Amino acid sequence: MARVLSLFRPQRFLALVGRRKPAFCKMSLDSRARKVFAAAVEAVQPDTVVRRTVERKEDTVLIDGHTFQLKHNLHLVGFGKAVLGMAAEVERIMGDHLVKGIISVPHGIQQTLQQHGKAHMLLKENSLIKVKEGAKHNLPDADAQKAAVGIKQLASELTENDLLLVLISGGGSALLPAPIPPISLQEKLDVTRKLAAAGATIQQLNTVRRTLSLLKGGGLAHYAHPAQVVALILSDVIGDPLDLIASGPTVHSDVRPEEVLSVLERYKLSTSLPASVKEVLGRASPRCENEDESDKAGHVLNVVIGSNSIALKCAGRCARELGFRPVVLSPGVCGDVRSVSRLYGLLARFACSQEEPPPELAAEMLKLGPEVGVQSWDLHCTMKVLDDGRKEGWGATCLLAGGEPTVELTGKGRGGRNQELAMRVGLELRGIKLPPNGPIFLSGGTDGQDGPTEAAGAITDGGLWDEAQAQQLDIDSFVANNDSFTFFTSLSAGQRLLLPGLTGTNVMDVHMLIIP
């Protein structure tokens with residue numbers, strides 16, 4: 001897993017958390033936390049990441065150290081929640097060499113972006129790129145399948161003189177459904193749903209999706225051969241694994257039908273398969289029939305241009321400018337939100353201890369860390385920084401992390417993982433000093449929408465429980481009912497909510513623990 005370990009290696013680590021005192025800032029901790037979150041989101045805006053990666057030089061373009069000739073040979077396809085903004089920026093940079101394009105985006109996104117003041121993420125009226133909306137409720141549907149057919153056809157018509165730019169972001173898998181005939185879209189969905197319900201891992205689900213798809217698992221790159229393929233990827237998956245993001249349409253896959261059958265047999269689904277699926281698994285994949293070594297990866301360049309790690313890096317820069325000492329814990333926080341909140345609570349108590357923290361505090365953190373995607377090395381380094389800062393009075397520390405924790409639903413309330421995490425961390429911080437002398441915690445989704453709510457997340461501190469009690473709000477009932485949005489909306493007129501609006505991007509969540 002790709003992690004931000006470089007920030008903790010001895011040489012570069014000291015450069016990040018050097019011992020000079022940060023500049024003094026008069027803004028409140030709450031205001032500064034919101035500003036750091038905004039910097040994280042701005043760093044991974046679709047147009048920002050494209051501009052940062054694509055450098056136009058007359059009739060050539062430089063991408064990730066590779067130079068490509070532009071001679072009216074540029075074709076573009078894309079699929080995902082953020083590709084509309086990416087495509088608009090590509091057209092601004094290289095539109096004079098664009099032949100045609102087609103992108104598959106979520107249903108209603110053009111109208112939504114317009115309503116949220118994001119007109120710069122929309123294509124021009126005379127654009128050569130066709131926009132196809134589909135995948136209502138983030139589920140593959142007939143509209144998304146039509147878009148996938150168009151994308152496959154465009155790719156199949158290319159020659160060795162063409163350059164295909166592939167834009168990929170979160171939600172791309174649902175927006176590129178192309179089951180191998182005679183499998184119907186519904187049959188493919190039924191198989192993957194049954195697997196998920198049986199407890200299959202994301203890797204196993206992906207293995208099945210790729211094998212039953214014409215375009216996933218390197219299928220799109222196969223159909224585009226011999227054209228040069230360049231994929232610009234905005235990652236919403238922990239660790240940025242190329243084969244998992246949108247199921248890897250530009251990443252060669254060696255998965256064979258027998259591997260899929262093994263997965264299906266493990267979950268006792270092999271006997272109930274539709275006849276069409278059995279037929280496909282019983283013969284060679286259509287892309288294996290004429291495949292040679294040159295078709296595997298030589299004509300493909302995959303570049304991750306936006307990720308949680310990039311967002312955290314830019315958030316750290318902003319935190320330093322605002323007077324904090326930034327420390328990145330991990331971009332891969334996952335697991336149950338209850339365990340994640342416990343870890344942040346323990347880190348806050350460790351950092352805020354007036355005396356030497358008891359050894360059992362560190363022991364519990366080191367036990368919890370691997371359960372929630374935080375490696376022991378990262379925790380050891382973070383604890384050393386917090387301990388040194390506490391002893392030597394370095395000033396306020398901004399502990400940054402990211403990822404995508406999960407919530408076990410026990411109620412029927414309205415909320416999201418970020419708001420629930422903030423609510424639970426607030427309870428963990430109870431009894432610690434209040435701001436500006438005590439810590440605050442922020443959790444926000446970089447897409448601006450935490451679950452089915454208008455909020456991205458919330459900000460909390462050790463006074464949350466008392467504040468709720470004073471306003472006759474039973475916080476424990478809200479927690480039990482997974483009703484975090486209703487809670488934060490009712491509490492102090494919603495002042496703790498994080499409300500950036502729809503951002504047009506998504507690289508999972510940002511967590512922030514500020515310790516004065």
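Trainee: Which residues do ring pairs link into a cluster?

Mentor: The model is predicted, so that local features need pLDDT of at least 70 and side-chain atom pairs count only at pLDDT 80 or more, while totals for chains, interfaces and linings use all residues. Residues are numbered from 1 along each chain as its sequence is written, and side-chain values use heavy atoms, with hydrogens and water left out. Rings of Phe, Tyr and Trp (its six-membered ring) pair if their centres lie within 6.5 Å, and planes under 30 degrees apart count as stacked, over 60 as edge-to-face and the rest as tilted. The structure holds three aromatic pairs, and the cluster that ring pairs link is made of Phe478, Phe487 and Phe488.

Trainee: What is the geometry of the pair formed by phenylalanine 478 and phenylalanine 487?

Mentor: The ring centres of phenylalanine 478 and phenylalanine 487 are 5.4 Å apart. Their planes stand at 55 degrees, and therefore the pair is tilted.

Trainee: And what is the geometry of the pair of phenylalanine 487 and phenylalanine 488?

Mentor: Phenylalanine 487 and phenylalanine 488 have 5.1 Å from centre to centre. With 70 degrees between the planes, this aromatic pair is edge-to-face.

Trainee: Is phenylalanine 478 buried or exposed, and what is its relative accessible area?

Mentor: Buried means under 20% relative accessible area, exposed over 50%, and partly exposed in between (1.4 Å probe, protein chains only). Phenylalanine 487 is buried at 0%, and phenylalanine 488 is buried at 0%. Phenylalanine 478 is also buried, and its relative accessible area is 15%.

Trainee: Over the face of which residue does arginine 430 lie?

Mentor: A charge sits over a ring if NZ of Lys or CZ of Arg is within 6 Å of the ring centre and within 35 degrees of the ring normal. One such case is lysine 152, whose charged end sits over the ring of tyrosine 223 at 4.7 Å from its centre. Arginine 430, at 3.5 Å from the ring centre, lies over the face of tryptophan 465.

Trainee: Glutamate 157 joins its side chain to which residue by a polar contact?

Mentor: Glutamate 157 is placed in the loop between helix 6 (142-156) and strand 7 (163-168), where helices (H or I, at least four residues) and strands (E, at least two) are DSSP runs numbered from the N terminus. Glutamate 157 is partly exposed, with a relative accessible area of 44%. A polar contact is a pair of N or O atoms within 3.5 Å; within protein, one must be able to donate a hydrogen and the other to accept it, and residues adjacent in sequence count only if both atoms are side-chain atoms. At 3.3 Å, the side-chain partner of glutamate 157 is lysine 100.

Trainee: How many disulfides does the count come to?

Mentor: A disulfide is a pair of cysteine sulfur atoms within 2.5 Å. The sulfur of cysteine 334 is 19 Å from the closest cysteine sulfur, in cysteine 381, and is therefore too far for a bond. Cysteine 398 is in no disulfide either, as the nearest cysteine sulfur, that of cysteine 318, is 8.7 Å away. By this rule, the number of disulfides is zero.

Trainee: In strand 11, which residue is the bridge partner of proline 326?

Mentor: Two strands pair if DSSP finds at least two bridges between them. Strand 10 and strand 11 pair in the parallel sense over six bridges. The partner of proline 326 in strand 11 is cysteine 398.

Trainee: Which are the edge strands of the mixed sheet?

Mentor: This open sheet has six strands in the order 10-11-15-12-13-14, and its pairing is mixed. Each edge strand pairs on one side only, and these strands are strand 10 (325-333) and strand 14 (497-498).

Trainee: How many residues of strand 10 are buried?

Mentor: Strand 10 is largely enclosed by the rest of the structure, because its buried residues number nine of the nine.

Trainee: Which strands stand at the edges of the parallel sheet?

Mentor: Another open sheet of six strands has the order 6-5-4-7-8-9, with parallel pairing. Each edge strand has a single partner strand, so one side is left without a neighbour in the sheet; these are strand 6 (129-134) and strand 9 (300-306).
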